[in-house]
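Please read them with the coordinates open.

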Number of protein chains: 2
Amino acid sequence: MEIIRTIEWMKQIARDARAKEHVLGLVPTMGALHEGHFSLVRAARQDCSPVVASIFVNPKQFGPGEDLQKYPRTFEQDAAALENLGVNYLFAPDASEMYPGGFRTSVSVEGLSDRLEGRSRLGHFRGVTTVVLKLFEIVQPQRAYFGRKDAQQLRIIRQMAADLNLDAQIVTCPIVRESDGLAMSSRNAYLEGDARHAATVLYRALNSAKKEIEAGQTEVLRLLESLRQVFKNEPSAALDYAEIVDAETLEPVLRLRKTCLALVAAFIGKTRLIDNAQIEANDEPISVLL
Amino acid sequence: MEIIRTIEWMKQIARDARAKEHVLGLVPTMGALHEGHFSLVRAARQDCSPVVASIFVNPKQFGPGEDLQKYPRTFEQDAAALENLGVNYLFAPDASEMYPGGFRTSVSVEGLSDRLEGRSRLGHFRGVTTVVLKLFEIVQPQRAYFGRKDAQQLRIIRQMAADLNLDAQIVTCPIVRESDGLAMSSRNAYLEGDARHAATVLYRALNSAKKEIEAGQTEVLRLLESLRQVFKNEPSAALDYAEIVDAETLEPVLRLRKTCLALVAAFIGKTRLIDNAQIEANDEPISVLL
């Protein structure tokens with residue numbers, strides 16, 4: 001595996017791969033890798049050669065007061081794991097390579113970016129879409145792999161790719177969970193002692209909604225009530241939001257229909273976590289992907 | 001020359017050209033073509049094969065109350081002229097092909113887009129950068145040709161291309177003028193009778209500044225005074241702005257230095273026209289490109 005620090009060199013490799021009609025796959029990450037990321041790499045390895053992983057803790061997607069400085073950085077370990085998984089190139093530019101002095105451009109997806117995570121984290125998605133577009137321009141992937149844990153991010157990136165006529169096909173992989181249901185996240189590294197158990201409240205709450213749906217409940221207010229009740233029973237957790245929305249528009253729905261997302265965000269101490277379940281309300285019976 | 005109406009087909013042609021390692025040149029236009037556009041096509045023909053011209057009157061770069069509806073449309077004539085000049089492909093999508101229902105993405109270049117034209121035409125440059133990025137993604141040009149008459153637009157597109165790591169090289173061509181100095185513009189078609197002569201006031205004002213610079217004047221306030229005086233003597237013209245700015249930052253300067261732009265915008269009746277001169281203040285003596 002070759003580690004690449006400059007945009008120019010990464011572009012050259014991408015050009016060569018394209019000239020040879022290779023199918024280049026990209027797995028963009030912020031490092032501090034876990035099984036969720038590894039599942040993306042494995043999927044990319046199945047479909048693509050070469051596989052490029054990127055590690056870039058993108059300052060533009062952190063708001064003031066967020067955890068940019070202390071975001072976990074485990075580069076040596078990450079690089080070793082990626083090499084073991086058969087990644088061909090690790091693109092790991094520093095911030096001044098990606099955002100040189102005088103950088104002024106941003107990409108926004110209106111509407112979808114203002115709600116849910118976007119309301120709690122102002123400017124977050126503008127940072128995400130800007131860096132993802134840059135990565136796509138630099139790496140020129142035919143396929144790019146994203147996890148469903150960041151469901152709103154995924155919806156926004158799909159919209160950007162369609163609106164801007166990008167060539168990259170967006171491929172998604174399921175949420176990977178710990179044995180007690182906690183969704184894998186780099187931020188889980190912040191959880192110590194009791195907080196680690198308390199953090200399962202996101203999964204437990206979504207799972208309680210899943211059970212009610214499987215028992216026939218389709219009224220969203222009822223589902224959210226029972227979901228919020230799980231949070232009330234977990235005093236170490238502070239719910240930021242819990243919503244059930246149309247998966248396409250991200251607008252709240254009153255009754256389950258088509259494909260919906262149940263999305264939760266909560267603080268466990270200072271650690272902010274998110275999780276979601278995808279609800280296939282076209283199916284009969286309705287199925288819930290958690 | 002093949003006329004192409006769909007994005008998918010245009011992308012296919014671009015992919016084929018890339019696979020054959022052809023150098024594809026793009027000349028983006030809004031139609032109502034004149035000698036200014038033709039000079040871009042001729043430059044593209046010298047460097048590139050194939051040459052793609054696009055005609056798309058981009059609704060997103062017109063503000064409310066602007067001239068989107070009555071913007072001159074001369075498609076048959078334009079297509080014939082482009083064919084005569086040796087253009088290989090004319091990409092002419094309609095608005096619903098470029099902006100299907102649910103379109104939500106925009107590209108902004110902060111700072112540079114708020115001043116001058118951006119202050120008079122809110123959202124204008126966001127519309128420009130969004131459509132230019134889309135055209136670049138669809139047509140995948142190695143080289144793209146823009147006229148220097150839209151000097152601020154050019155500066156913003158260059159910034160976008162650098163910031164987003166685009167492959168397209170931005171190539172510029174000089175302003176083409178009528179024999180009396182009026183810069184060629186599709187909007188000149190609106191000028192009738194006396195307005196046609198009055199419109200030369202933009203050129204005359206810039207030319208008066210040029211003469212003062214050539215006589216040694218480097219104080220911007222003095223230059224703007226003499227430039228504005230030319231407008232005062234032309235009662236049919238209403239000056240929108242006259243500024244001399246750093247060509248890189250587009251910020252006003254007090255004294256000529258490095259490369260500057262003298263930019264004017266004015267209404268002749270309801271017709272809004274722009275023009276500019278590039279001032280090479282690094283040279284000795286200072287030269288002015290009008």
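**Notes on the predicted two-chain model**

1. Leaving aside residues up to four places away in sequence, Glu243(B) touches Leu116(B), Pro252(B) and Leu263(B), where contact requires that the C-beta atoms of two residues, placed from the backbone, lie within 7 Å. Glu243(B) belongs to strand 8 (residues 237–246) of chain B; strands here are DSSP runs of E with at least two residues, helices are runs of H or I with at least four residues, and both are numbered from the N terminus. Because Glu243(B) has 20 C-beta neighbours inside 10 Å, it counts as buried, a class that asks for 20 or more other C-beta atoms within 10 Å of a residue's own, with exposed meaning 12 or fewer and partly exposed lying in between. The C-alpha atoms of Glu243(B) and Ala265(B), which are 22 residues apart along the chain, are separated by 9.4 Å.

2. On provenance, this is a predicted model, in which local features need pLDDT of at least 70 and side-chain atom pairs count only at pLDDT 80 or more, while totals for chains, interfaces and linings use all residues. Residues are numbered from 1 along each chain as its sequence is written, and chains are lettered from A and ligands numbered from 1 in the order in which they are written. Chain A averages a pLDDT (the predictor's confidence in each residue, from 0 to 100) of 97, and 100% of the residues score at least 70. The model scores ipTM 0.96 and pTM 0.97.

3. Turning to the fold, chain A has ten helices and eleven strands. Of its 290 residues, 43% count as buried. Among contacts in chain A between residues at least 6 apart in sequence, 69% join residues at least 24 apart.

4. Strand 2 (residues 25–29) of chain A is largely enclosed by the rest of the structure, because five of its five residues are buried. Both faces are covered, with Gly25(A), Val27(A) and Thr29(A) buried on one side and Leu26(A) and Pro28(A) buried on the other. Strand 2 of chain A runs parallel to strand 3 (residues 51–55) of chain A, and five bridges join the two; strands are taken to pair if DSSP finds at least two bridges between them. Within strand 3 of chain A, Val52(A) is the bridge partner of Leu26(A).

5. How many residues of chain B are in contact with chain A? There are 21 of them, meeting 21 residues of chain A. Strand 5 (105–109), helix 6 (124–139) and helix 7 (151–163) of chain B each supply at least two residues of the side that touches chain A, and the largest share, five residues, comes from strand 5 of chain B.

6. Strand 5 (residues 105–109) of chain A and strand 5 of chain B pair in the antiparallel sense over five bridges. In this pairing, Thr105(A) stands opposite Val109(B) in strand 5 of chain B.
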